[in-house]
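Please look through the following structure before reading on. The notes after it are grouped by topic.

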Amino acid sequence: MTRSADTHCPYCALQCAMTLTPTDVAADAAADAAATPVTVAGRDFPTNRGGLCKKGWTSAELLRAPSRLGAPLVRGADGVLHEASWEDALDRVAASLRGIRSEHGADAVGVFGGGGLTNEKAYLLGKFARLALGTSRIDYNGRYCMSSAAAAGNRAFGVDRGLPFPLEDLDDADTILLLGTNVAETMPPFIGHLAGAQAAGGLVVVDPRRTATARLTADGKGLHLQPMPGTDLALLLGLIHIVIAERLVDLDYVAARTVGYEAIRRSVASWWPERVQSTTGVPALTLRRLARRLAAGGNVYILTGRGVEQHVDGTDTATAAINLALLLGLPGRVGSGYGTLTGQGNGQGGREHGQKCDQLPGYRKITDPEARAHVARVWGVSPSAIPGPGVPAVELLRSLGEPGGVRALLVHGSNLVVSSPNIANVRERIAALDLLVVCDFFLSETAALADVVLPITQWAEEEGTMTSLEGRVIRRRRAISPPAGVRDELWILAELARRLECTATFDTEPELVFEELRLASEGGIADYSGIDYAMLDRGEAVYWPYPRGGTGTPRLFADRFAHPDGLARLVAVSVRSSAHPAPRPGELTLVTGRLLEHYQSGAQTRRVPELADAQPEARAALHPSTAERLGVADGELVELSNDRGTVRCRARLTTDIRPDAVFLPFHYGDEQAANLLTSDAVDPVSAMPEFKTNLVRLARLIEIEVPA
Amino acid sequence: MSQLRIVLIGYGPVGARFVEEVLPAVEDGSIALTVVAGEDVEAYNRVLVAEYAVGNTELGAMLVGDRAAAEAAGARVLLGVAATSIDRSARIVQLDSGEELEYDRVVFATGSRANVPTLDGVERHRRDADSLRKYATQLVARDDALPAGITALRDLADAERVLAAVQSRKRIIVLGAGVLGLELALAAAHAGAQVCVVHHGPHPMPRNLDRGGGLVLRAALRRSGVTVVAHSRAEAVAFRTDDDGSRRFDMVVTADGKQLRGDLLVLSCGVSPRNELATLAGLRTAVGVVVGAGLASWTDPHVFAIGDCAQVVPRTEELAGQRVLPGAPSGLIGPGWRQAEWLAAHFIASVTDHGSTDAAAPAERDAIVMLKAEHIDVVAVGDISADPWDDDAVHPRRRVSQWADPEHLRYVKMVTEDGALTGFVSVGMPRTAAELTLLFERRGELPADRSVLLRFDGPDYDPSADADAFAPGSTVCWCNGVTVGRIEEAAVCGATTVEGVGRETRAGTGCGGCKGRVAEILARAAETDETPSVTA
């Protein structure tokens, strides 16, 4: 008899609950050769309430996809990847790492992690880098995701938990301000939680595109503001200006719970509504109405997404959103608040336990001597054995193959030649490496460049924990056994550590790794020490921080913020005129983003037939009036270019985009990769690259039919 | 490198920006900065004075200067102290406190003062070089005193006078129909005062609007409760003696004999740069202090001017000989801030050796004028006098598009050269105005179909609305990307319930928000199914 497993979706941070029931292969195989090894069913859970999106429903397609890797691949002398035994592949990796390390030093080996890894993997990867490799050079793709909001949250609140309240709290909202997030496509079951605000006419979406989420505001359900790309910060400063000028500030709250108000007041005095209108394209009256609505009382939430965060001033923009929330007295009040919507499956847990270059488990700072001492004790090493801070993702990638830079790179849970900015440069740097090792299920664009590819387990084949966008720790459970030739990353790390003669412990049982993570996180900001698998398996709703012997924290900030004095910081921010150059005549602003059918770099979803059929290729969304000027018709091939690269794809005409902008999804590889055009300039605080306001030229490509 | 001593005269929003930008060099000791503020108050955003004057905001929300930060960095900020003369040969600024300040560079950011028009009954001073020399103490760094019941609207004291009148719902007469006068008139009317605007042109904002835009604006003003008296040149004011024996403003008398009674007369007849200190110091002044592209005085390379008092005229041999110089200060804050930023960077570069700046401050394009009022949206820029039917032979590349709907108070005119916007007027169409503003500033090309820009302001503007909600391609379930067509197909194949459709197509199996629409589609499909069975 088959037993089903209660687990969560492999994709985004909403982590919809699902039940996987192994298919009785013997009985079904003859009837349906294409049967997936498990059947997916939605499971009732507060976040998804039994619902799943198209990506979730079809997730099992990948488990036995023909393109799935079934054995390690090692690049031979002929330059081609050949199947190899695990023993040979790992020996080769270990030997190569040892050689590079002895010749160029420990920092010549780098690690690039991912926000999709379980807590156990993310934790162990950080430990592996610091102890087995002895390198400081570790960072991860969350740098492209959550870094700006994380930096802003830490600065303002002293802690970074995406949603400091349970998602269900949104159900009772009167007003929800969504800044730069398209949840209707990126995490569709989320929109069920917007129904209350919609019914109250209070769903407000700020997005330069009229997205599926923006459409939810139609018919009196709210408001869609369509600012010029790159002007989010001015828009927020304008809202704060109105809130202050019209005396809508919650002065008691500001006095009791924050510091820094005077500087904020001064910083927005020069952003009166009409000036904001001429900068953003959003009418002054709309701004006034929105500010008044936000201040009108009731339950009010301000939520940010990548649209406002993935900028060279993303930290300041998220900070401005937080300032607005603080002036209105929202954070810490039950039924109101500020939050950022984490994107990747374990984008929350993945940013807490040591994958970040400056971080140790428990969201500890690697530069803090006490933090080092604590973690060193748990790891059984001397604090001096833990390297210092490394460098963030973009800088790490820039150093590949350069003198003094990284010469060997291990990649886990990331398809960085699709998801990184300025891909041409990344490809060039990767080509200069002595060794590239990629762990993946498929031969992703990045894996295809590797010297060694290690095939790994998928979500339905493994145990572990994830931390969802609301800071809730949940269980990933195994429904079926992995194919014979693939391995779990915990095992891979342990095997490599052994070969590198590292004496530290590298458990391969997820629960044992979690037990160690508990100790390592104890007393840290993200304290998991009171959490164990048994309580998760009982179905308890567990939100960090959860100290040993204490309780979890569904809602943060009720009495105090996480700074030593308990007060939130209002940090004055200003618009840097150089941050977002406006398009010159003939240029368009390229906005990159996501489609319903695909997840991140598309390495998985492009291999699901139903999803690939619906969105088989990148299409550049263009306003019809712009298309007319450029002589482009719907479905025609176009070329988008700037001095970083060129993308060739088909055009899709839609009035949902502003005439001065063009939208490209970033889920595709090769010559359709949107990130060929994005800049690797980064935010000075968070090191987030600029993904949203790059300038491009667009021209029609003439199709020439080649006679057969 | 020795310390550069800078004296800044004036501490309005432009002066405050200069201080903010130059502060890093003050902090590291390479620049010594003294600010002679004039007004006895922290620098505030003058753009918001009309808001303050009707009680919509308070001083705290208008402050832009950070005197504490400036002083912490080592700058001296002298509030309530005025400069009375400059000895350029000795490089000394003389203050009314008696103190003398030595300088290497002096920067004028003295701004402008409200014009007082020629009116019988109101004293008015000339500020030419001779008068200034004769009456320096009355004229330098001081504004003309106005009789009781008459005020300009420039500083906080003016605003307090207006506020008192607004709060007691007095009758306010605004003389002049420029942007500032209209902003005050609208805000005061909205706050409950009785407001009458008197002006001599044919329509409000004559310098910025064409006739169409002006007439639509006039209609909008009237609908907002503002009385507008056009074609009326004010000639005199008359006074009354109140019970307490004080003499106050009583009425404005116009050239054609109209007598307009009120409790407060607000003069809104434009502004003039505060030049007198420069004039007295022998610096070349025209409308404002004449400075070259590098913001340095034509007369003295150690003297600079920024903001409302600066008239930027790139110096040429030809111009140097002329009595009348082209241009005038814009009177707008944006260009002033950009000058402040540029000049601060220029000074910092000069003391740090490394790093140089462009030789010239960024050239300004025509400044966009916006009426700040909550219920009337007016934006205009550039030369908009052209007409759609003008002879193409004169301006072969110029095109004009126009939309007028006076009944609904909407008007737009767009003037382009080779498709790029060179000027526009927009009244009553905020989204359109905002888009045109962005296009103008970027010199962007307008969409070939200009009406795209107008449609933003349609109450039914919804780019998705062109799709019929029941068209086969219309998406019903966003979570699963299921269209009407796919649901109808499922219905044909026997899925007759919402749950059945869900099993078949996954529609409604995400957030569940679309289940109602799925039911509607099923009901429609059932209807069309029944029709043939009845006829059969």
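How many helices and strands are there in chain A? Chain A has 24 helices and 29 strands, where helices (H or I, at least four residues) and strands (E, at least two) are DSSP runs numbered from the N terminus. This is a predicted model, in which local features need pLDDT of at least 70 and side-chain atom pairs count only at pLDDT 80 or more, while totals for chains, interfaces and linings use all residues. Residues are numbered from 1 along each chain as its sequence is written, and chains are lettered from A and ligands numbered from 1 in the order in which they are written.

**Overall form of chain A**
- The C-alpha trace of chain A spans about 75 × 70 × 60 Å along its principal axes.
- Of the 708 residues of chain A, 63% count as buried, that is, with 20 or more other C-beta atoms, placed from the backbone, within 10 Å of their own.

**Contact between the chains**
- In chain A, 45 residues are in contact with 46 residues of chain B, contact being C-beta atoms, placed from the backbone, that lie within 7 Å.
- Among the helices of chain A that each supply at least two residues of the side touching chain B are helix 9 (232-245) and helix 11 (261-268).

**Helix 9 and helix 11 of chain A**
- The axes of helix 9 of chain A and helix 11 of chain A, which are lines fitted to C-alpha atoms over the stretch in contact, come within 9 Å and cross at roughly 110°.
- The contact is made by A:Leu237, A:Ile240, A:His241 and A:Ile244 of helix 9 of chain A, together with A:Ile264, A:Arg265 and A:Val268 of helix 11 of chain A.

Terms used. Two residues are in contact if their C-beta atoms, placed from the backbone, lie within 7 Å. Axes are lines fitted to C-alpha atoms, for helices over the stretch in contact, and angles run from 0 to 180 degrees between N-to-C directions. A residue is buried if 20 or more other C-beta atoms lie within 10 Å of its own, exposed if 12 or fewer, and partly exposed in between; C-beta atoms are placed from the backbone.
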